[in-house]
Amino acid sequence: MFKVHAIPPERLPELLSLMPKAELHIHIEGSLEPELIFALAKRNDVQLPYADVAALRSAYAFTNLQSFLDLYYAGASVLLHEQDFYDMAWAYFEKAKADHVVRAELFFDPQTHTARGVAMGAVIEGLSRACRDAHTQLGISADLILCFLRHLSEDEALATLEEAMPWREHFIGVGLDSSELGHPPEKFARVFARARELGLHCVAHAGEEGPPAYIWGALDVLQVERIDHGVQAIHDAGLMQRLADSQMPLTVCPLSNLKLCVFKNLADHNLGQMLDAGLCITLNSDDPAYFGGYLNDNYLQTFAALHLNAQQAYKLAANSIEASFAPEADKHRWMHELKACFQGFAEQD
Ligand SMILES: [Zn+2]
């Protein structure tokens, strides 16, 4: 095993940037940059309520989750055709490649698009084609996770899942996102039971703004394999113990939490405390175009603000690989690459 203490702190930013890592919490619609929104609006003749890129970007000052979602849905309105979904995902994969992401599990929100009359096939086929090209052209392993919008009804979620069935082989799991407060996991018990029957992986946003009870609900009722966010678990000692004992992965998104005012300052973020408590924490970008940073930005800024070290960097990257839904042989290979990367940094000094 490499000597992680042999890695000097000043080399940590370089190590964070170069180490192989997985991203498990990225909403692909949240990777739409203002420039691409305007380019797609022009291509599709969609009118936007913003004069230009600068005006749109200046609207990215959020007070909570809902204020962000309102803008997010406006941005998604430019996505109409299969190629639009491909272009959006491809732009993300190019950034992921630069950040040394070896595995990406992309959330997508079909209801955001089908409600506007976009065909389910256009959404899934465009994203799926980009995933295949990411693998062959960029060497990134990528899969899709279909998310239900929790501010809509469970019947609508069930209908969405059935509507997506002709493309069953194009996605590996289901998730639950959008407005959390007032929409507890229990509301979606039947659709998650159905997804499990279909052999789909299950994840859910819980404990971003919502109480620890929502995390209990996601675990016990939805029987999820990962919790997305989960930072509110810190307020429930029994839950913290359960998460640590079970090594249930949490996909934490620090820059998102900062932008949506879950934490006032990045230095107040509880990621370090949760790592110290022995939880299986991973680090992710959530909606990078809206929250001021892709995956490496999240690592760099969080490590600087919380004074985290190389040991914690290794833990976060290893957790991201192990908590992914990739085949075991791939995980084994990436873990080997991760160790070799750290070994290289430890030996150079
Ligand atoms: Zn999210």
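Select Glu-125 first: it counts as partly exposed, with 16 C-beta neighbours inside 10 Å. The classes rest on C-beta atoms placed from the backbone: a residue is buried if 20 or more other C-beta atoms lie within 10 Å of its own, exposed if 12 or fewer, and partly exposed in between. The model is a predicted one, in which local features need pLDDT of at least 70 and side-chain atom pairs count only at pLDDT 80 or more, while totals for chains, interfaces and linings use all residues. Residues are numbered from 1 along each chain as its sequence is written.

Glu-125 is found in helix H7. Helices (H or I, at least four residues) and strands (E, at least two) are DSSP runs, numbered from the N terminus.

**H5 and H7**

Next, display helix H5 (residues 82–98) together with helix H7 (residues 120–138). They pack at an angle of about 35°, and their axes are 7 Å apart. Axes are lines fitted to C-alpha atoms, for helices over the stretch in contact, and angles run from 0 to 180 degrees between N-to-C directions. H5 passes H7 in a right-handed crossing; a crossing is right-handed if the near helix is turned clockwise from the far one by less than a right angle, and left-handed if anticlockwise.

On the H5 side, the contact is made by Glu-82, Gln-83, Asp-84, Phe-85, Tyr-86, Ala-89, Trp-90, Phe-93 and Lys-97. From H7, the contributors include Glu-125, where the tour began, as well as Val-123, Leu-127, Arg-129 and Leu-138. Two residues are in contact if their C-beta atoms, placed from the backbone, lie within 7 Å. By class, this contact has 11 nonpolar, two polar and six charged residues. Ala, Val, Leu, Ile, Met, Phe, Trp, Tyr, Cys and Pro count as nonpolar, Asp, Glu, Lys and Arg as charged, and the others, Gly among them, as polar.

**H8 and its surroundings**

Move to helix H8 (residues 154–164) and colour its buried residues, Ala-157, Thr-160 and Leu-161. Viewed down the axis of H8, these fall within an arc of 100°, so they line one face of the helix. The arc is that of the directions from the helix axis to the C-beta atoms. On the face turned away from the buried side, select the exposed residues Asp-155 and Glu-162. What covers the buried residues of H8? The cover includes helix H6 (110–114), strand E3 (141–149) and helix H9 (189–197).

Keep H9 in view. The axes of H8 and H9 come within 8 Å and cross at roughly 20°. The two helices are therefore roughly parallel to each other; angles under 35 degrees count as roughly parallel, over 145 as roughly antiparallel, 65 to 115 as roughly perpendicular and the rest as oblique. H8 passes H9 in a right-handed crossing. Glu-154, Ala-157, Leu-158 and Leu-161 in H8 meet Arg-190, Val-191, Arg-194 and Ala-195 in H9. These residues divide into five nonpolar, no polar and three charged.

**Loop residues**

Select Pro-211, in the loop between strand E5 (201–206) and helix H10 (212–220). Pro-211 is partly exposed, with 17 other C-beta atoms within 10 Å. A distance drawn from its C-alpha atom to that of His-235, 24 residues apart along the chain, gives 8.5 Å.

Most residues other than glycine have a negative phi. Gln-247, in the loop between helix H11 (237–246) and strand E7 (249–252), has a positive phi of about 50° although it is not a glycine. Gln-247 counts as exposed, with 12 C-beta neighbours inside 10 Å. Continue to Cys-261, in the loop between helix H12 (254–259) and helix H13 (271–276). Phi of Cys-261 is near 65°, a positive value, and the residue counts as partly exposed, with 14 C-beta neighbours inside 10 Å.

**H16 and H17**

Finish with helix H16 (residues 310–322) and helix H17 (residues 328–347), whose axes come within 9 Å and cross at roughly 165°. That makes H16 roughly antiparallel to H17. H16 passes H17 in a right-handed crossing. To show the contact, select Tyr-314, Ala-317, Ala-318, Ile-321 and Glu-322 of H16 with Lys-331, Trp-334, Met-335, Leu-338 and Phe-342 of H17. The contact residues divide into eight nonpolar, no polar and two charged.
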